[in-house]
Amino acid sequence: MRLDIVSIFPEYFAPLDVSLIGKARERGTLDVHVHQLRDWAHDVHKTVDDTPYGGGPGMVMKPEVWGEAIDTVIAAGPQGPDGGLPRMIVPTPSGRPFSQELAQELAGEPWLLFACGRYEGIDSRVMAEYSSRLRVDEVSIGDYVLAGGEVAVLVMVEAVGRLLPGVLGNAQSAVDDSFAPGSMQNLVEGPVYTKPPVWRGHEVPAVLLSGHHGNVARWRRDEAIRRTVRNRPELAAAIDPATLDKHDRKLLEELSFRLQPEDMAN
Ligand code: 6GU
């Protein structure tokens with residue numbers, strides 16, 4: 001997969017040299033190109049922003065600079081000038097939510113272009129212009145406001161990168177993820193333990209040492225349900241009752257958790 005990232009702070013992307021993503025780059029699984037947006041600003045001050053039309057606080061990133069930057073990145077693409085085109089991702093708190101499902105979808109793309117805005121954002125005509133040529137998505141990583149898109153891009157690149165073939169050591173790891181389609185749907189993962197069996201007086205739950213795979217699986221599911229109810233009640237509320245057995249229902253009752261009424265059609 002090729003990744004192009006355009007930002008006024010290329011230094012933010014130093015972590016992409018490290019760990020799983022760094023190894024994927026060394027192996028050639030990921031081909032990352034980070035660009036300085038100011039390279040396409042032509043005045044002496046390398047200006048990338050201006051005041052917003054209509055007034056209001058903050059500054060807006062200028063369309064001409066972004067246009068030249070994106071045109072140049074597209075023209076230098078992996079398959080040459082007449083090759084494929086990237087899918088463009090614009091991080092912004094007003095975008096569609098990033099999710100494991102979107103990460104899976106992006107992991108299937110050969111080429112992603114991330115356009116990092118700062119200040120109040122990028123002049124909207126940039127997204128309009130490229131929407132006629134590329135798939136453009138404005139994406140938010142959560143309901144809070146960051147100072148710029150750079151950290152959001154690091155989040156998305158890590159979430160996508162670890163799904164690429166050969167990036168995770170254990171192929172099952174990505175399959176078992178909370179939120180992975182086909183995993184324990186709508187349940188987050190429960191607690192994990194390793195040696196020693198007793199640490200500062202805290203014991204590893206005996207069932208995990210029992211060697212009884214059925215009991216271990218049951219216990220893990222119970223713990224996943226407990227944690228989901230405690231930490232993510234909105235996920236728990238979306239559990240399809242048809243995916244629950246009698247044991248699950250009894251546990252939810254003990255936790256005083258009210259399931260959605262069964263679909264009348266069933
Ligand atoms: Cl993608 N960008 C910024 N600047 N803030 C955010 C965000 C993105 N997602 C949540 N907050």
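Visitor: Which residues surround the ligand?
Guide: This is a predicted model: local features need pLDDT of at least 70, side-chain atom pairs count only at pLDDT 80 or more, and totals for chains, interfaces and linings use all residues. Residues are numbered from 1 along each chain as its sequence is written, and side-chain values use heavy atoms, with hydrogens and water left out. A residue is near a molecule if one of its heavy atoms lies within 4 Å of it. The ligand is surrounded by Pro-91, Thr-92, Pro-93, Val-139, Ser-140, Ile-141, Gly-142, Tyr-144, Val-145, Leu-146, Gly-148 and Ala-152.

Visitor: How far is a polar backbone atom of Leu-146 from a nitrogen atom of the ligand?
Guide: A polar contact is a pair of N or O atoms within 3.5 Å; within protein, one must be able to donate a hydrogen and the other to accept it, and residues adjacent in sequence count only if both atoms are side-chain atoms. Ser-140 puts a side-chain N or O atom 3.3 Å from a ligand nitrogen. Gly-148 has a backbone N or O atom 3.4 Å from a ligand nitrogen. For the polar backbone atom of Leu-146, the distance is 3.1 Å.

Visitor: How much of the area that the ligand exposes alone does the protein bury?
Guide: Accessible areas come from the Shrake-Rupley method with a 1.4 Å probe; for residues, only the protein chains shown count as cover. Taken alone, the ligand exposes 290 Å². The protein buries 97%.

Visitor: Which element gives the largest share of the shell around the ligand?
Guide: Helices (H or I, at least four residues) and strands (E, at least two) are DSSP runs, numbered from the N terminus. Two or more shell residues come from each of β5 (87-97) and β7 (136-140). The largest share, three residues, comes from β5.

Visitor: Is Glu-150 buried or exposed?
Guide: Glu-150 lies in helix α5, residues 150-161. Its side chain makes a polar contact of 2.7 Å with that of Ser-7. Buried means under 20% relative accessible area, exposed over 50%, partly exposed in between (1.4 Å probe, protein chains only). Because its relative accessibility is 0%, Glu-150 counts as buried.

Visitor: What is the relative accessible area of Arg-200?
Guide: Arg-200 sits in the loop between β8 and β9 (202-203). It has a positive phi of about 50° although it is not a glycine. Arg-200 is exposed, with a relative accessible area of 72%.

Visitor: Where does Pro-196 lie?
Guide: The peptide bond from Lys-195 to Pro-196 is cis, with omega near 10°. Pro-196 lies in the loop between α6 (171-176) and β8 (198-199).
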